[in-house]
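Hi,

Here is the structure I promised to send over.

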Amino acid sequence: MTDAPLRAELLLDREVPEELRRELVAVFDGLGAPPVRVRQTVEHRGAADIPWIVLASLPLQAFLSGLGAEAVKDAYGAFKGVVRKTARPASPEPGTRGEARAARPIVLQDAATGLDIVLEPDLPAEAYERLTALDLTEFAVGPVHYDRDRSRWRSVLDEAVG
């Protein structure tokens with residue numbers, strides 16, 4: 001493994017307010033992966049076009065391994081909190097019949113392979129515990145989701161191909 005510092009790139013939906021943007025940058029910085037670039041999606045795209053609210057691209061295996069380190073325990077707690085806060089369903093749009101949009105997750109994307117890990121807002125604590133020990137070489141195709149029934153991270157597409 002290289003000794004190069006971890007760097008993240010964040011792509012945020014336009015709905016992410018500035019305060020939450022600053023919080024996301026602080027959380028990734030606290031986890032040892034300071035964002036080198038933070039961008040927002042282009043204006044003409046709608047929420048229906050983008051299935052996620054935040055896409056973070058970084059050297060994922062090194063990042064996940066570092067999440068379990070004692071030195072980042074507080075930052076890790078903040079990370080779980082910002083996932084819940086960022087991805088929770090939005091309130092109803094003005095002028096709609098009161099339907100709230102579905103929650104959109106934060107997606108962690110491996111910068112080298114493009115493998116995606118989907119972090120939904122209501123993940124149980126065990127999902128985060130298992131995330132820190134996840135071996136990305138077990139997956140060829142993503143996205144990788146947490147299966148609550150099986151209590152494990154899995155890629156349905158990998159299982160269909162294999």
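Below is what I found when I went through it, starting with the whole chain and then moving to a few spots.

First, a caution: this is a predicted model. The mean pLDDT of the protein chain is 82, and 81% of its residues reach 70 or more. Confidence is highest in strand 6 (residues 145–147), at 96, and lowest in helix 3 (residues 73–87), at a mean of 81.

Now the overall layout. You'll find 5 helices and 7 strands in the protein chain, and along the sequence they come in the order β-α-β-β-α-α-β-β-α-β-β-α. The chain has 162 residues, and 38% of them count as buried. If you take the contacts between residues at least 6 apart in sequence, 66% join residues at least 24 apart. The accessible surface comes to about 9000 Å², with 51% of that belonging to carbon and sulfur atoms.

Which of its residues are buried? Leu20, Leu24, Val27 and Phe28 are. These four cover an arc of only 95 degrees around the axis, which means they sit on the same side of helix 1. Just after the helix comes glycine 32, with a positive phi of about 85 degrees.

Another glycine with a positive phi turns up in a hairpin. Strand 4 and strand 5 form this hairpin with 5 residues between them, and glycine 114 in the turn has a phi of about 80 degrees. Strand 4 is residues 106–110 and strand 5 is residues 116–119; they pair in the antiparallel sense over 4 bridges.

Last, tyrosine 76, which lies in helix 3. Is this residue buried or exposed? Its relative accessibility is 8%, so tyrosine 76 counts as buried, the cut-off being under 20%. Beyond its neighbours within four places in sequence, tyrosine 76 is in contact with Leu31, Leu67, Tyr128, Glu129 and Thr132. Tyrosine 76 is also 8.3 Å from glycine 30, C-alpha to C-alpha, although 46 residues separate them in sequence.

Cheers

Terms used. Residues numbered from 1 in each chain as written. Predicted model: local features only at pLDDT ≥ 70, side-chain atom pairs only at ≥ 80, totals over all residues. Heavy atoms only, no water. Helix = DSSP H or I, 4+ residues; strand = E, 2+ residues; numbered from the N terminus. Buried < 20%, exposed > 50% of the residue type's maximum accessible area, 1.4 Å probe, protein only. Contact = heavy atoms within 4.5 Å. Areas by Shrake-Rupley, 256 points an atom, 1.4 Å probe, with all protein chains shown as cover. Pairing = 2+ DSSP bridges. Arc of directions from axis to C-beta. pLDDT = per-residue confidence, 0-100.
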